[in-house]
Amino acid sequence: MKRAAMLVLAMLSLVSCRSATPPPPDTAADLLLGTAWSAQDIDGRPALAEPGSTMVIELGGRISGLAACNRYFGRIDLDAGSIAISQIGSTRMACAAPVMEQERRFLAALQAAASWERRGDVLL
């Protein structure tokens with residue numbers, strides 16, 4: 001898969017791993033509701049396959065997933081092309097250094113995200 005050369009979602013690219021059936025969308029952002037994503041690239045570096053970093057965009061403005069070592073949850077505000085993720089909380093387990101480094105980069109990229117773009121099954 002070709003890597004996108006854009007600074008979108010703090011260079012975090014996610015691939016859809018499943019899709020629920022949300023209500024009919026009113027906007028492009030509504031198309032993301034009820035979807036789940038798995039990180040493939042974080043800040044230009046490939047993500048670890050195991051354990052992975054995931055994001056589920058839930059109805060009601062919530063996100064959750066696995067940061068790498070710990071489960072996390074937070075708020076998400078989506079609009080046409082803009083995104084804001086806030087109020088992130090997580091469990092507090094410790095894992096191997098590479099896993100903890102991926103988790104730190106993943107959560108930082110989520111919080112820094114200001115825009116999004118969906119290209120098929122890839123979310124940038």
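# Reading the assignments in a predicted model

The accessible surface of the protein comes to about 6600 Å², and carbon and sulfur atoms hold 57% of it; areas are from the Shrake-Rupley method with a 1.4 Å probe, and for residues only the protein chains shown count as cover. This is a predicted model, in which local features need pLDDT of at least 70 and side-chain atom pairs pLDDT 80 or more, while totals for chains, interfaces and linings use all residues. Residues are numbered from 1 along each chain as its sequence is written, and side-chain values use heavy atoms, with hydrogens and water left out.

User: Why does Thr35 count as buried?
Analyst: Buried means under 20% relative accessible area, exposed over 50%, and partly exposed in between (1.4 Å probe, protein chains only). Thr35 has 2% relative accessibility, so it counts as buried. Of the 124 residues of the protein, 40% count as buried.

User: What makes the side chains of Thr35 and Trp37 a polar contact?
Analyst: The term needs a pair of N or O atoms within 3.5 Å; within protein, one must be able to donate a hydrogen and the other to accept it, and residues adjacent in sequence count only if both atoms are side-chain atoms. The pair between Thr35 and Trp37 lies at 2.7 Å. Thr35 belongs to strand β2 (residues 35–42).

User: How do you know that the span of helix α1 agrees with its number of residues?
Analyst: Helices (H or I, at least four residues) and strands (E, at least two) are DSSP runs, numbered from the N terminus. The expected span is 1.5 Å times one less than the number of residues. Helix α1 (residues 97–112) has 16 residues and should therefore span 22 Å; its end C-alpha atoms are 22 Å apart, which agrees.

User: Which residues of α1 are buried?
Analyst: They are Val99, Gln102, Glu103, Arg105, Phe106, Leu107, Ala109 and Leu110.

User: What makes β4 and β5 a pair?
Analyst: Two strands pair if DSSP finds at least two bridges between them. Strand β4 (residues 54–58) and strand β5 (residues 62–66) have three bridges, in the antiparallel sense. In one of them, Glu58 is the partner of Arg62 in β5. The two strands form a hairpin with three residues between them, and Gly60 in the turn has a positive phi of about 85°.

User: How many bridges join β5 to β6?
Analyst: Five bridges join β5 to strand β6 (residues 71–78), and the two run antiparallel. Ser64 stands opposite Phe73 in β6. A hairpin of four residues links β5 to β6.
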